[in-house]
Every structure is written in structure tokens, then in C-alpha cells.
Amino acid sequence: MIIRSVEFAGSHVDPGVSVAPELPHVAFWGRSNVGKSSLINVLLRRTRKKVARVSARPGKTQTLNFYIVNRRFVLVDLPGFGYAKVPRTLRESWHRLVRRYLRRSRELAGVVLLVDARRDPSPGDLAAVELLAEVGLPALIVVTKIDKTGKGARENRIARLRERLAVSGDQVLVSSARTGEGREELLGAIADLLAAEGEGTGGSDGH
């Protein structure tokens with residue numbers, strides 16, 4: 001998949017909002033400091049003029065943020081879970097917003113769930129996988145910050161994460177926002193996800 005255009009389509013706090021309902025949605029989700037915004041900017045080749053706001057303070061994303069990519073699908077940047085220096089009530093409101101969106105969105109084709117290569121899955125990571133299985137959404141697991149893991153330990157680290165999350169190997173990809181590793185593989189996996197969605201709805205997929 002070649003990224004030709006990215007259009008910001010709005011930020012919303014209504015989980016029932018319908019943005020570009022004619023297009024499938026792919027949501028990005030993960031722990032607040034997992035590097036989600038950096039990865040989205042690298043994926044969309046918007047590292048100079050960023051589309052997703054990057055901050056040294058986790059918890060910057062507080063709304064559902066929608067980006068129309070190639071006029072083919074909508075990338076949805078979801079608020080993170082877990083660590084963030086904000087009141088607990090605010091974190092809980094973000095979590096409710098995401099849960100309602102995941103359950104209600106008719107356009108959602110799948111979710112890209114990010115986990116940190118340097119850490120074992122958190123309770124939030126495990127709960128996220130359980131929720132996605134519960135609502136029946138296709139999920140890709142992307143291991144971020146893989147450049148911070150030594151090459152000798154990489155395979156064992158990925159295997160441990162896969163085991164702890166109880167997901168199959170073909171669901172797991174690696175990435176690095178710093179080096180760009182894994183970008184093409186992730187774009188290809190998203191294209192496959194969209195193609196499967198098109199087949200399921202009788203539509204066609206054009207990259």
C-alpha cells in the first residue's frame with residue numbers, strides 16, 4: 001500500500017459518531033506510552049508535518065481522532081490506556097469512550113493493538129486483547145520500539161509476548177518508529193484486513 005493522501009476528519013468524544021461511513025475504519029490502540037502517535041506518523045509518512053500529536057507526556061490523545069487515508073479507509077487514533085498523569089476519573093472516561101466505540105462502530109474493520117517490546121504485557125494489554133476477542137474484532141498485534149531490544153533476544157521476547165497475550169504468530173508484527181522497521185509489513189497487513197472486509201461486505205478493494 002502506498003500512502004497518497006491523509007485528510008484529518010475530526011476529533012470526537014461521541015462513540016456513536018459516524019465518520020465517512022462509506023469507508024472501513026482501522027483503529028490504533030495501546031498503552032499511553034507505547035509510542036502510538038510516533039508509529040502513526042511514520043506509517044503515514046508524516047514525520048515532518050505530524051498528523052498524530054507526539055508528546056513526552058503520555059495521555060495526549062483524549063478523543064477519537066479520525067484520518068481518511070487514500071480516500072480508501074479511516075485510521076482512528078484511540079485514547080491510550082494505563083499510565084498517564086491525569087486524574088483517574090479522566091482515564092476511566094477515556095476507557096469508556098473506547099469500549100463504546102469498539103462495541104458500536106459499524107464501520108470498524110479491525111484494531112491494531114500496540115505493545116511495548118521492552119515490557120511484559122500489562123493488565124491493560126491483557127484486558128484489551130480479551131475485549132477485542134469478546135466483541136469479535138480482527139486484531140493485529142504490533143510490538144513497538146523493537147529497535148530497543150537486542151537482536152539476540154528479539155525472538156525470545158516476541159515469543160514471550162505472543163504466549164502471554166495468547167495470540168497466534170501471524171497476528172504479530174514488529175515495528176520501530178525510529179528506524180521505520182516494520183512499516184511496509186504493517187501497511188500490507190492493513191491492506192489484507194481491508195481486502196477481507198471488502199470480501200465480507202461484497203465490496204472491492206483498491207490500493
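Arg183 is buried, with a relative accessible area of 8%; buried means under 20% relative accessible area, exposed over 50% and partly exposed in between, with a 1.4 Å probe and protein chains only. The model is predicted: local features need pLDDT of at least 70, side-chain atom pairs count only at pLDDT 80 or more, and totals for chains, interfaces and linings use all residues. Residues are numbered from 1 along each chain as its sequence is written, and side-chain values use heavy atoms, with hydrogens and water left out.

**Arg183**

- Arg183 sits in helix H5 (residues 183-201). Helices (H or I, at least four residues) and strands (E, at least two) are DSSP runs, numbered from the N terminus.
- Its side chain makes a polar contact of 2.8 Å with that of Glu184. A polar contact is a pair of N or O atoms within 3.5 Å; within protein, one must be able to donate a hydrogen and the other to accept it, and residues adjacent in sequence count only if both atoms are side-chain atoms.
- Leaving aside residues up to four places away in sequence, Arg183 touches Ile3, Val42, Leu43 and Arg45. Contact means heavy atoms within 4.5 Å.

**The sheet**

- Seven strands form an open sheet with mixed pairing, in the order S1-S3-S4-S2-S5-S6-S7. S1 and strand S7 (172-174) are the edge strands, each pairing on one side only. From one strand to the next, the twist averages 25°.
- Two strands pair if DSSP finds at least two bridges between them.
- Strand S2 (residues 25-30) runs parallel to S4, joined by four bridges. Here His25 has Val74 of S4 as its bridge partner.

**Strand S3**

- Six of the six residues of strand S3 (residues 64-69) are buried, so S3 is largely enclosed by the rest of the structure.
- Both faces are covered. Leu64, Phe66 and Ile68 are buried on one side; Asn65, Tyr67 and Val69 are buried on the other.
- Strand S1 (residues 6-12) pairs with S3 in the antiparallel sense over six bridges. Glu7 stands opposite Ile68 of S3.
- S3 also runs antiparallel to strand S4 (residues 73-77), with five bridges. Tyr67 has Leu75 of S4 as its bridge partner.
- The S3 and S4 hairpin has three residues between the strands, and Asn70 takes a positive phi near 55° there.

**Helix H4**

- Helix H4 (residues 151-165) lies across strand S5 (108-116), strand S6 (139-144) and S7. H4 runs at about 145° to S7. Axes are lines fitted to C-alpha atoms, for helices over the stretch in contact, and angles run from 0 to 180 degrees between N-to-C directions.
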